[in-house]
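Here is a short briefing on one protein structure. Look at the sequence and the model first, then read the points below.

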Amino acid sequence: MWEWLFAPIDPSRLHEITTSQMWHARLMFLSWGFLAPAAILVARFFKVLPKQNWPQELDSQFWWRFHWISQSIVFVLTIAAVLIAYRQSSGPLSWHGIIGYVVLSLVIVQVIMGCYRGTKGGPGDPRADGTLDGDHYSMTLRRRCFEWVHKFCGYLALLLSMTVVAIGLWNVNGDRWMCLLVALWWCFILLLFIFLQRRNFALDTYQAIWGPDPSLPGNQRPSSGWGTHRRDDRRHKLR
């Protein structure tokens, strides 16, 4: 059993990995195997905390801080890992490299979009003239475009990163225990996602921040997130 686990995926090839490749793999797995999925799960399912007295208590900052701090670390580690790989690269790009650069491009798009997501507005961020208008509070076209692009690029980057990791393990002919560990971890993330989704933890961002009042401008528009839900009963709280 132990011999099988510690044997390479392809017995006909040696398991060869340089120090640079090893650090590239470690940084990328820390970024895309752990931090990025955690940041997405928290942002999607914990906009309202389980013991938060919503909607009396609104706009929890936990998910927001966790998401942007984690994704900022992902960005820095990804750049570092790419630079390590680039210094050791030679010859034409493999599929691992091509898809990896696509993921990097999506990350850069996310950073740029985050800088131009618009103003927040609302009771906690009024304008100088005292009005509550803001791109997010009023759900302007700019804000709606940001949310569509941000969520699409984020989920696409995460899915592609899984492909990059799998190809990378095959290229270096990693041990079987590595593949099993990665596969089990991804299965755990998927099952956790399904569990939280079925328990209706994916509350609409607008309602999590400003509540379910139907007179609010954002509540008069369709929800901008796929699979998210809204609540109309002000007495309802998360289970």
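Tyr 86, Leu 93, Trp 95, Ile 98, Tyr 101 and Val 102 make a nonpolar surface patch of about 650 Å². The model is predicted: local features need pLDDT of at least 70, side-chain atom pairs count only at pLDDT 80 or more, and totals for chains, interfaces and linings use all residues. Residues are numbered from 1 along each chain as its sequence is written, and side-chain values use heavy atoms, with hydrogens and water left out.

**More on the patch**

- Patches are made of residues with over 30% relative accessible area and no salt bridge; like charges are joined within 9 Å, and nonpolar side chains (Val, Leu, Ile, Met, Phe, Trp, Tyr) within 5 Å.
- A salt bridge here is a side-chain nitrogen of Lys or Arg within 4 Å of a carboxyl oxygen of Asp or Glu.
- Accessible areas come from the Shrake-Rupley method with a 1.4 Å probe; for residues, only the protein chains shown count as cover.
- Helix α4 gives the largest share of the patch, four residues.
- Helices (H or I, at least four residues) are DSSP runs, numbered from the N terminus.
- Trp 95 lies in α4.
- Trp 95 counts as exposed because its relative accessible area is 61% (buried means under 20%, exposed over 50%, partly exposed in between).

**Nonpolar cores**

- A nonpolar core is a set of buried Ala, Val, Leu, Ile, Met, Phe, Trp, Tyr and Cys residues joined through side-chain atoms within 4.5 Å.
- The largest one has 19 residues, and Met 28, Trp 32, Ala 36, Val 74, Val 103, Ala 157 and Leu 158 have the most contacts inside it.
- At least two residues of this core come from each of α2 (19-45), α3 (62-88), α4 (95-115) and α5 (141-171).
- Helix α2 supplies the largest share, six residues.
- Another core, of 11 residues, lies apart from it; Phe 45, Leu 169, Phe 201 and Ala 202 are among its members.

**Single residues and their contacts**

- Contact means heavy atoms within 4.5 Å.
- Val 103 touches Trp 32, Ala 157, Leu 160, Ser 161 and Val 164, not counting residues up to four places away in sequence.
- His 67 sits in helix α3.
- His 67 is buried because its relative accessible area is 13%.
- Leaving aside neighbours within four places in sequence, His 67 contacts Ala 39, Ile 40, Ala 43 and His 150.
- Ile 9 is in the loop between α1 (2-5) and α2.
- Ile 9 is partly exposed, at 25% relative accessibility.

Key:
Buried means under 20% relative accessible area, exposed over 50%, partly exposed in between (1.4 Å probe, protein chains only).
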